[in-house]
Amino acid sequence: MRFPMTRCVLCAVACAWPLACSASFRAPQAAAPGAATSTHTEWMSFFLFGVIGGNDSDLRDLCGDAGAAKIRIGHDWFSALLTVGTLGLYAPRVVSVECAAP
């Protein structure tokens, strides 16, 4: 029994869609309203739908002693496109850190 190519593509997209739409968010401390903050963005490399890979980021290198006000780990449109385009073999995630006001 042969499967049409469109069925395989639709199945791959259906499996990759939840991963492409996933993100996590953490707010360790609230920044004061109107306080000047800086935002840093890094890519983390994962493979096989995020099961293998990753790396550590030191917040002290990014924000110094002020710490982080917001941390978001997820996908932007380009990393989601790469995940779906490679059928999950390469699944990068984007880490955005908003530093707290000193």
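**A disulfide, a helix face and a surface patch**

Cys63 counts as buried, with a relative accessibility of 11%. Its partner in this predicted model is Cys99, to which a disulfide joins Cys63 with an S to S distance of 1.9 Å. Cys99 counts as buried too, at 3% relative accessibility, because the cut-off for burial is under 20%. A disulfide is a covalent bond between the sulfur atoms of two cysteines. The count of disulfides comes to one. The torsion about the S-S bond of Cys63 and Cys99 is about -75°, so this disulfide is left-handed. Cys63 belongs to helix α2 (residues 59-63) and Cys99 to strand β6 (residues 93-99), so the pair ties together parts that are 36 residues apart in sequence.

Helix α3 covers residues 77-85, and its buried residues are Ser79, Ala80 and Thr83. Seen down the axis of α3, these buried residues fall within an arc of 100°, so they line one face of the helix. An α-helix has 3.6 residues a turn, so residues three or four places apart point the same way. Trp77, Leu81 and Gly85 are exposed on the other side of α3. Just after α3, Leu87 has a positive phi of about 55°.

The surface also carries a nonpolar patch, formed by Phe47, Leu48, Val51, Ile52 and Leu89. Together these residues have about 490 Å² of accessible area. One of them, Ile52, lies in strand β4 (residues 52-53). Ile52 has a relative accessible area of 44% and is therefore partly exposed.

How values were computed:
Residues are numbered from 1 along each chain as its sequence is written. This is a predicted model: local features need pLDDT of at least 70, side-chain atom pairs count only at pLDDT 80 or more; totals for chains, interfaces and linings use all residues. Side-chain values use heavy atoms; hydrogens and water are left out. Patches are made of residues with over 30% relative accessible area and no salt bridge: like charges are joined within 9 Å, nonpolar side chains (Val, Leu, Ile, Met, Phe, Trp, Tyr) within 5 Å. Accessible areas come from the Shrake-Rupley method with a 1.4 Å probe; for residues, only the protein chains shown count as cover. A salt bridge is a side-chain nitrogen of Lys or Arg within 4 Å of a carboxyl oxygen of Asp or Glu. Helices (H or I, at least four residues) and strands (E, at least two) are DSSP runs, numbered from the N terminus. Buried means under 20% relative accessible area, exposed over 50%, partly exposed in between (1.4 Å probe, protein chains only). A disulfide is a pair of cysteine sulfur atoms within 2.5 Å. The arc is that of the directions from the helix axis to the C-beta atoms.
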